[in-house]
Amino acid sequence: MTTQQLLILIAVLIVLVLAVAGILVAVRKRRSQGDSTRPGRVQESDDGRSSLSPESATAAAKGRAEGQPGASPAASSADQGVQSASPASGASPNPDASTGSAGSAGSVDSRASSQSSAVEQAASSAQEELAHPEASASRMTRLKARLAKSPNPFGKALFAILTKDHLSESDWEDVEDTLLMADVGAEASEQLVKQLRDDARITGQKDPAAVRRGLHQRLIDLVDPDMDRTLAAARPQANRPSVIIMVGVNGTGKTTTAGKLARLFVADGKSVVMGAADTFRAAAADQLETWGGKVGVPVVRSDRDGADPASVAFEAAGRAKNDQADVLIVDTAGRLQNKANLMDQLGKIRRVIEKNLPVDEVLLVLDATTGQNGMIQAKVFAQAIGVTGIVLTKLDGSAKGGIVISVQRELGVPVKLVGLGEGPDDLAVFDPESFVDGILGDE
């Protein structure tokens with residue numbers, strides 16, 4: 001190869017190398033420009049500080065407003081910037097963002113803030129509505145009114161029969177049938193009919209007012225006004241905390257009644273702690289927490305479903321004692337497989353509570369509409385844990401008000417509370433005279 005040919009080859013190689021180098025520089029520059037504008041890319045400013053690109057700030061603001069998951073760490077930083085910016089100041093969350101991008105982010109943040117504010121206002125309004133439970137003194141007035149308006153109070157049916165001019169044997173049979181249908185019970189029904197017949201023979205009264213007075217007094221006697229219906233926690237020398245265990249089968253409104261009872265105590269100025277020992281039903285603890293949250297009552301619960309209910313009850317007793325609460329209400333499971341299981345579980349709950357505090361009250365919650373069927377439940381619970389009082393729910397819409405009489409006679413314990421409806425304050429201390437007034441209706 002000649003010297004001239006060698007020089008030409010070297011020149012060609014140099015040109016090729018320079019061309020390749022130029023192509024590589026151009027590609028690298030283009031890639032660098034593309035990365036600098038990619039969403040989520042952190043840009044380096046002249047003073048060495050890092051900031052998000054305008055597109056990244058806008059995307060982060062939209063993601064926060066719409067609640068979209070999956071934001072990168074850089075996007076999280078932008079989100080913090082959006083939250084700290086004041087809508088009134090008009091400041092852009094990113095100093096390097098263009099006017100259009102800042103306006104878009106501000107608009108999204110404004111809509112999100114408005115939605116959040118509306119939700120908070122609605123929650124605050126609901127909280128304010130439920131924050132002041134009705135005082136116990138006025139609840140019995142509503143009891144009388146609701147009983148009087150219920151479909152068929154048995155007192156009205158009795159009154160209609162007894163005010164006839166001449167009572168035949170068939171009429172007296174109707175009286176007894178009415179009492180039996182109202183779940184007064186066979187023994188109590190027979191006793192009342194005998195007393196009414198004796199009254200009719202002795203007095204010979206046919207005046208409706210006189211008949212009503214006589215019937216009113218006989219029903220009062222059957223309900224037994226001499227029973228002590230005072231809740232242990234309301235007595236002057238009550239233990240502090242006074243412990244109440246709520247028992248009853250599922251479906252009677254036991255957990256709801258526990259929440260309503262807490263409201264009743266709060267209305268009377270007492271501090272309350274609740275224990276969610278119904279760990280069998282997953283929603284029971286949540287339900288109790290909802291009730292407690294409305295009136296500021298703490299709820300002790302397990303962090304897992306199916307936990308030992310006795311351990312929850314033990315912790316609740318410790319919390320109530322440490323907080324020096326006036327009342328501890330412990331909700332228990334109602335869905336138990338058999339009588340032996342029921343006795344074992346409820347007995348254990350009571351024993352572990354009594355390691356911390358004495359148990360003052362065991363309230364059995366019964367559905368008034370179940371009538372005599374509820375008596376079987378009542379007997380089982382009474383044997384298992386020792387019932388001190390009855391709570392009758394759904395009493396206002398039922399024609400079976402006689403369950404008040406029969407359950408007291410069967411168990412020998414008083415009806416202490418009655419549920420009047422679905423409202424949060426539809427639970428009242430039972431008063432025999434108001435109850436009889438309600439089932440007899442207006443004069």
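# A walk through the predicted model

Ala276, Asp278, Thr279, Arg281, Ala282, Ala285, Arg301, Ser302, Arg304, Asp305 and Gly306 line the largest cavity. This is a predicted model, in which local features need pLDDT of at least 70 and side-chain atom pairs count only at pLDDT 80 or more, while totals for chains, interfaces and linings use all residues. Residues are numbered from 1 along each chain as its sequence is written, and side-chain values use heavy atoms, with hydrogens and water left out.

Stay with the cavity. Rolling a probe the size of a water molecule over the atoms shows where empty space is left. A cavity is a set of points, on a 1 Å grid over the protein atoms alone, where a 1.4 Å probe fits but cannot get out; lining residues have an atom within 4 Å of a point. Grid points are joined across faces, edges and corners, and a volume is the space filled by probe spheres set on the points. The structure holds 3 cavities of 30 Å³ or more. The largest has a volume of about 80 Å³. Its lining divides into 3 nonpolar, 3 polar and 5 charged residues. Here Ala, Val, Leu, Ile, Met, Phe, Trp, Tyr, Cys and Pro count as nonpolar, Asp, Glu, Lys and Arg as charged, and the others, Gly among them, as polar.

Helices (H or I, at least four residues) and strands (E, at least two) are DSSP runs, numbered from the N terminus. Asp278 counts as buried because its relative accessibility is 2%. Buried means under 20% relative accessible area, exposed over 50%, and partly exposed in between (1.4 Å probe, protein chains only). Asp278 and Thr332 are 54 residues apart in sequence, yet 4.4 Å apart in space, C-alpha to C-alpha.

Now move to helix α9, residues 208-223. At 1.5 Å a residue, its 16 residues should span 22 Å, and its end C-alpha atoms are 22 Å apart, so the two agree. The expected span is 1.5 Å times one less than the number of residues. Buried residues in α9 include Ala210, Leu215, His216 and Val223. Asp437 sits in helix α16 (residues 432-440). With a relative accessible area of 22%, Asp437 is partly exposed.

What follows α9? Asp224 does, with a positive phi near 70°. Further on, Pro241 lies in the loop between α9 and β3 (242-247). The peptide bond from Arg240 to Pro241 is cis, with omega near 0°.

Other loops hold positive phi values too. Asp183, in the loop between α7 (169-181) and α8 (186-203), has a phi of about 65° although it is not a glycine. Asp183 counts as buried because its relative accessibility is 9%. Gln324 lies between α12 (309-323) and β6 (327-332), and its positive phi is about 55°. At 53% relative accessibility, Gln324 counts as exposed.

Finish with the rings. Rings of Phe, Tyr and Trp (its six-membered ring) pair if their centres lie within 6.5 Å; planes under 30 degrees apart count as stacked, over 60 as edge-to-face and the rest as tilted. By this rule there is 1 aromatic pair. Phe430 and Phe435 form this tilted pair, 5.3 Å centre to centre, with 55° between the planes. Both Phe430 and Phe435 are buried.

Definitions and conventions
1 Å grid on protein atoms, 1.4 Å probe; cavity = no way out; pocket = protein on both sides within 12 Å on 5 of 7 lines; lining within 4 Å.
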